[in-house]
Amino acid sequence: MQPVKLVTGRMAPLDLADVDTDQIIPKQFLKRIERTGYGPFLFYDWRARGDFVLDRPEYAGASVLVAGANFGCGSSREHAPWALRDFGFQAIIAPSFADIFRANCYKTGLLAVTLPETQVRHLIDLVAEDPSAELTVDLQSQQVRGEGFSYHFEIDPFARECLLNGLDEIALVERHDANIAAYEKGRAAWLPTVR
Amino acid sequence: MAKTLAQKLWDAHVVRSAEGEPDLLFVDLHLVHEVTSPQAFEGLRLAGRKVRRPDLSVATMDHNVPTRGGVRAADDMSRKQMEVLTENCRREGIPLHQIGSRRQGIVHVIGPELGLTQPGMLIVCGDSHTSTHGAFGALAFGIGTSEVELVLATQCLPQKRQGDLAVNVTGELPVGITAKDIVLGLIGRTGTSAGQGHLVEYRGPTIRGLSMEGRMTVCNMSIEWGAKAGMVAPDDTTFSYVEGKPHAPKGAAWEKALDHWRSLTSDEDAHFDGVIDIDAGKLEPHVTWGTTPAQVVPVTGRVPSPRSETDERALRYMDLLPGTALADIAIDRVFIGSCTNARLEDLRAAAGVIQGRRVHPKVRAMVVPGSTSVKRAAEEEGLDLVFKAAGFEWRNAGCSMCLGMNPDILAPGERCASTSNRNFEGRQGSGGRTHLMSPPMAAAAAITGHLVDVRELL
């Protein structure tokens, strides 16, 4: 994974709560066996209905998605962050995220940033008024900065470390092979195997 | 220190613990299916890694299998995904229950059936409804594809500690009320995200009184209120379900396992961060009206007035007006199936309502058993004949219309009474409208052609 330290760019607002992963990437696109190429299918059904906010010219090329609470609820499909990344988003800011979705974002190098409802509201109002407003999400200092404001955000320290350094989590776990082998030896004999 | 069941299960799986890092947990069973695994296997192959414990991994085809016509009825991309799974399992030595085989079925139905799901285990799968297995007193949760790759490679998963919640259910379930109504009623109260960051234990005399099937239905929908996992402490109901299953311990091993399993309860003075009390005696049959499982009311009620933009959006999508009596909503389709409600007991409950009646002429109804084994067992009891005589389609096992990744989908605008777990926009087919409910409620809707209180038909 490439290190992720700083995202600077314009915002796109998606002022909705409970946006589920079925909307982010509908099921018919989960039949592909690749990790890339999902961008054109992001929010497919909503965009097909016309005048979807992300298709408005003023939000083209935005790199930060600002959304409502419980973003990414529902299915565990990692295709959701893959599609958001492919579309061009490098960070998502919301008052809360579904647990599996947030974990999937970190593995994909997508910054999922939680800010209080009032601050998210400020960002949505700001981008509605001035779509060209720029924002910086700084993972190192854990800050979301724009003109005249700076918001601190909390993030799991281990996830932060992995993102900042682009760490391969499998390689990290493999370093503990001795611990894993010891654990395996101590497992109860009655535990099932599939053989 | 007094511990909750969840923390006992967690602690028993810690391979390594270090300050400032997530715990490294050992996975006892990794369930694999065709949709969320191809990129994980490919990642392994590109990095020159092998599956560490193929003996603790098992695969099935469920999400995109056609429920009639076999693999030939699948579209090219679905077939390709099934072929890729077959090849990945062959190369890595992972047993695969493929389409057409005796044990094929929905991943969360076959794990328990095979006796691979047992108390005390840590179980993961690239599917959010993995919480189902918590019904056995296991710690079970869904993971993404990168985590699938990590588990394939190391059999471990780094996880941050979670909080503890208890849902305490008391009171006798009235006639016509099921486990599905307990969990729908719960989600209606908590909303879609109250469980975030928590492991939930469902407890109390009503939960103790549920069969394993009922407990699985409740645990299955834990994710719909945001919980990391849901579980029920194992007891004699659990043990008698597991005993004799193909992979269950036998002889002396059974006795040892049983000794351990009996210790898997929350200590009396264990601390929960929150307790939610539910009086099951006051429950009514529940039906969703909106596009999240939390948008739910008793079937005796009316479509509520919107309280948020989310509610307004749901009403528009569902084409419903506030104040409409639920019982006045006509339906086009009925789906009895899914990892939530397609086990033998669910089919029996639905058949009990249908016996001697006919599906409404305007309704197309189908039953999709959760597994090939469930299908066989149901046929041995003659349940298939009850459904077919009433005008139901009797299909082969799979996820089917729960998520519409296969030929079973709603047409745009169609309204479905469904025993599945999600009523999201387009979930059962683009433009389709889903009302979630229990199997007896869906059966009743099939007969009357509209949403109806099943108690009127009992």
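Ala179(B), Lys180(B), Ile182(B) and Val183(B) in helix α6(B) meet Gly214(B), Thr217(B) and Val218(B) in α8(B), contact here being a pair of C-beta atoms, placed from the backbone, within 7 Å. By class, this helix contact has four nonpolar, two polar and one charged residues; Ala, Val, Leu, Ile, Met, Phe, Trp, Tyr, Cys and Pro count as nonpolar, Asp, Glu, Lys and Arg as charged, and the others, Gly among them, as polar. The model is a predicted one, so local features need pLDDT of at least 70 and side-chain atom pairs count only at pLDDT 80 or more, while totals for chains, interfaces and linings use all residues. Residues are numbered from 1 along each chain as its sequence is written, with chains lettered from A and ligands numbered from 1 in the order in which they are written.

As for geometry, the axes of α6 (residues 179-190) and α8 (residues 212-220) of chain B come within 8 Å and cross at roughly 20°. Those axes are lines fitted to C-alpha atoms, for helices over the stretch in contact, and angles run from 0 to 180 degrees between N-to-C directions. That makes α6(B) roughly parallel to α8(B), the label for angles under 35 degrees. The crossing is right-handed, meaning that the near helix is turned clockwise from the far one by less than a right angle. Helices (H or I, at least four residues) and strands (E, at least two) are DSSP runs, numbered from the N terminus.

Leaving out residues up to four places away in sequence, Ala135(B) touches Met212(B), Arg215(B), Met216(B), Cys219(B) and Val232(B). Ala135(B) is buried, as 33 other C-beta atoms lie within 10 Å; the cut-off for buried is 20 or more, exposed means 12 or fewer, and partly exposed is in between.

Now for the sheets. β6 and β7 belong to an open sheet of five strands in chain B, ordered β5-β4-β3-β6-β7 with parallel pairing, where pairing takes at least two DSSP bridges between two strands. β5 (96-97) and β7 are the edge strands, each pairing on one side only. Strand β3 (residues 29-33) and β6(B) share three bridges, and Leu31(B) stands opposite Cys125(B).

Another open sheet of five strands in chain B runs β17-β16-β15-β18-β19, again with parallel pairing. β17 (393-394) and β19 (433-436) each have a single partner strand, so one side of each is left without a neighbour in the sheet. β16 (residues 364-367) is joined to β17(B) by two bridges, and Val367(B) has Trp394(B) as its bridge partner.

Between the chains, the contact takes 65 residues from chain B and 47 residues from chain A. On the chain B side, α5(B) gives the largest share, six residues. That side divides into 23 nonpolar, 29 polar and 13 charged residues.

Asp18(A), not a glycine, has a positive phi of about 55°; Asp18(A) lies in the loop between β1 (6-14) and α1 (21-24) and is buried, with 26 other C-beta atoms within 10 Å. Gln142(A) likewise has a positive phi, near 55°, in the loop between β5 (134-138) and β6 (143-146) of chain A, but Gln142(A) is partly exposed, with 14 other C-beta atoms within 10 Å.

Technical notes. Contact = placed C-beta atoms within 7 Å. Parallel < 35°, antiparallel > 145°, perpendicular 65-115°, else oblique.
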